[in-house]
Amino acid sequence: MKFNHESIEINSGLMLVLTLLAISIGGLVEIAPLYYIEDTIEKVDGVRPYTPLEQRGRDIYVREGCYTCHSQMIRPFRDEDMRYGHYSLAAESQYDHPFQWGSKRTGPDLARVGGKYSNAWQTQHLNNPRDVVPESIMPSYPWLLKNDLDYSDIDARLRALRTVGVPYSTNDEEYAANVEKFGVEVAEMLDINKAEKNLLAQAQSQNWDGDNTRLTEMDALVAYLQVLGTMVDFTKYDEGYFAEFR
Amino acid sequence: MADQSQNKAVQTTGHAWDGDLQEFNNPLPTWWLWAFYASCVFTVVYWILYPAWPIGDTYTKGIATTTFQNSKGEEVTMGWNTRAEFIKDMQSGTEAMKQAEYLKKVSAASYEEIVNDPDMTAFTQSIAKVLFADNCAACHGVGGQPALVGLYPNLRDDAWLWGGKLSQIQHAIVAGRNGYMPAFGEVLSNEKIDQVANYVMTLSGLDADAAKASAGKAIFQGDEGGCYYCHTSAGTGMYSQGAANLTDAVWTVANVPGAETNKDKIAVISKVIKDGIQRKMPAWSERLSETEIKLLTVYVHGLGGGQ
């Protein structure tokens, strides 16, 4: 039998195999090399995994579907730089699982929202956006202030992230490696054995949601928002340094 | 459309379903085929010009280049990439150059020169309006008037907590502000707080219970309350502490005008005395450039209440 497109079209098994092959090539060529090309992740100081409280806030961010309206990816264009700040680096989301880059912006990008507004503003705004921004179309999230934060499974959550490569430590050896990489202060925060203690301490360290007598979901979410995009000190790097990685 | 079954050049796939259902086997339209060949050629050209194929731990960078200046002013040429293109656009793009011309002029000028030069004023108004909307409006409201009384200072009125001179406004933007008033809930009884609230009412010329107000005055002006430390004995406030002027009937925290009866007004004032205030304006020096802060300073000063 002559081999032509007809033989593929009338043989569904063969068509299935060839379709898979064609799609895999596209995927493999575009995605796989990112794992072994050296320049994918920029060499930059300051980026660390989230603390237990921030990580818990990040889980709430994902739970509430914030990513459906907010991206966390500033692109290297002049207009984005002027509005949001320095474009996002791959290094800045290297510990994000899953990453929150996104491309849908009903609301503004949040990649550098950390420190832009006060804790009080974030709390008021999440509770009812129209209290502070009358023209806002963002939904209200009043339950964040009402719900106590469930942190009973925080070590399991960190352990899950550790499985996919985030350097939370479980033993002395891993702890020592973190001290080397991030310094003592951060390494302490990444110790899974102290996760609950660290979470509670950070919740008390400042007034996240305006009420220090209770630990709410709002505390965790505000702590997460306030760290977004603040880890890299861009004044330390020459313009063009990051372009070397592309 | 012509009935293609009459066209002898068109073949069928040779199958017949249900007796007479046949499938044509038309060749691809010529225009489509040539567009396909053209896109194949384009792909190869693209591979040659731009970053494309992974090889081991690196990739082909392409022969297209981008040239820009690094922070030392040296010219750097590297393989074309979006980050280098971005730096180049910021340094020499048409729009960036237009803006840079004005930014340079503004950054060299004094505040007086900016305000007195119609060209620079127009530029300041248009660019600072956008900067304000992106960075300040979330709290202070579009145009400088916040959504609710009490949460954030109104920038359109004459009342300033930290001063309304250009230098004071600039300092607020650069370093931020920490508004703090201690909570008196644990120091003073509810009765005494009520008395102080009555006295504060009289400072702004509102009606209050005279007996309570006079008792409140003693607490306010004495060491029991010590309110005069920051608000001064006249109640006119102190810019260095961010302490509000209590005599101007402008209420920056308690929504006194919004409360209907005198009793309600006293209640909102009492709440402030009881709970204190902790307000924070973030510092902007790391987020905004010196020139951007200068433009915002002129803009905020011009919103209505600049001193």
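At what angle do helix H7 (residues 166-175) of chain B and helix H12 (residues 290-301) of chain B pack? The angle is about 125 degrees, and the axes of the two helices lie 9 Å apart. This report describes that pairing within a predicted model, together with the chains around it.

## Overview of the chains

Chain A contains twelve helices and zero strands. Its pattern along the sequence is accordingly written α-α-α-α-α-α-α-α-α-α-α-α. Along the principal axes, the C-alpha atoms of chain A occupy a box of roughly 80 × 50 × 40 Å.

Chain B has twelve helices and eight strands. The radius of gyration of chain B is 35 Å, well over the 19 Å that the globule rule gives for 307 residues, so chain B is more spread out than a compact globule. For the C-alpha atoms of chain B, the box along the principal axes is roughly 110 × 65 × 45 Å.

## Domains

In chain A, the domain assignment gives domain 1 (5-36) and domain 2 (52-245). The centres of these two domains of chain A, taken over C-alpha atoms, are separated by 38 Å.

Chain B is divided into domain 1 (4-49), domain 2 (100-176 + 282-301) and domain 3 (180-281). Between the centres of domain 1 of chain B and domain 3 of chain B, again taken over C-alpha atoms, the separation is 84 Å.

## Contact between the chains

The contact between the chains draws 31 residues from chain B and 28 residues from chain A. On the side of chain B that touches chain A, at least two residues each come from strand E4 (58-59), strand E6 (75-79), helix H2 (82-92), helix H6 (137-140) and strand E8 (277-281) of chain B. H2(B) gives the most to this side, with seven residues. Sorted by class, the side of chain B that touches chain A comprises 17 nonpolar, seven polar and seven charged residues.

## Helix packing in chain B

With an angle of about 125 degrees between them, H7(B) and H12(B) are therefore oblique to each other. Their crossing is right-handed. H7(B) contributes B:Leu166, B:Ile169, B:Gln170, B:Ile173 and B:Val174 to the contact, while H12(B) contributes B:Ile293, B:Leu296, B:Thr297, B:Val300 and B:His301. The residues of this contact of H7(B) with H12(B) divide into seven nonpolar, three polar and no charged.

A further pairing involves helix H8 (residues 190-203) of chain B and helix H9 (residues 210-221) of chain B, whose axes come within 7 Å and cross at roughly 100 degrees. H8(B) and H9(B) are therefore roughly perpendicular to each other. Among the residues in contact are B:Lys192, B:Asp194 and B:Tyr199 of H8(B), and B:Lys212, B:Ile219 and B:Phe220 of H9(B). By class, the contact of H8(B) with H9(B) has seven nonpolar, four polar and four charged residues.

## Backbone features

Most residues other than glycine have a negative phi, and most peptide bonds are trans. A cis peptide bond joins A:His97 and A:Pro98, with omega at about -5 degrees. A:Pro98 lies in the loop between helix H5 (78-84) and helix H6 (119-127) of chain A.

In chain B, B:Thr232 has a phi near 65 degrees, a positive value in a residue other than glycine. B:Thr232 is located in the loop between helix H10 (228-231) and helix H11 (262-275) of chain B.

Terms used
Residues are numbered from 1 along each chain as its sequence is written. Chains are lettered from A and ligands numbered from 1 in the order in which they are written. This is a predicted model: local features need pLDDT of at least 70, side-chain atom pairs count only at pLDDT 80 or more; totals for chains, interfaces and linings use all residues. Two residues are in contact if their C-beta atoms, placed from the backbone, lie within 7 Å. Helices (H or I, at least four residues) and strands (E, at least two) are DSSP runs, numbered from the N terminus. Ala, Val, Leu, Ile, Met, Phe, Trp, Tyr, Cys and Pro count as nonpolar, Asp, Glu, Lys and Arg as charged, and the others, Gly among them, as polar. Axes are lines fitted to C-alpha atoms, for helices over the stretch in contact, and angles run from 0 to 180 degrees between N-to-C directions. Angles under 35 degrees count as roughly parallel, over 145 as roughly antiparallel, 65 to 115 as roughly perpendicular and the rest as oblique. A crossing is left-handed if the near helix is turned anticlockwise from the far one by less than a right angle, and right-handed if clockwise. Domain bounds come from an automatic or database domain assignment. The radius of gyration is taken over C-alpha atoms; the globule rule is 2.2 Å times the number of residues to the power 0.38.
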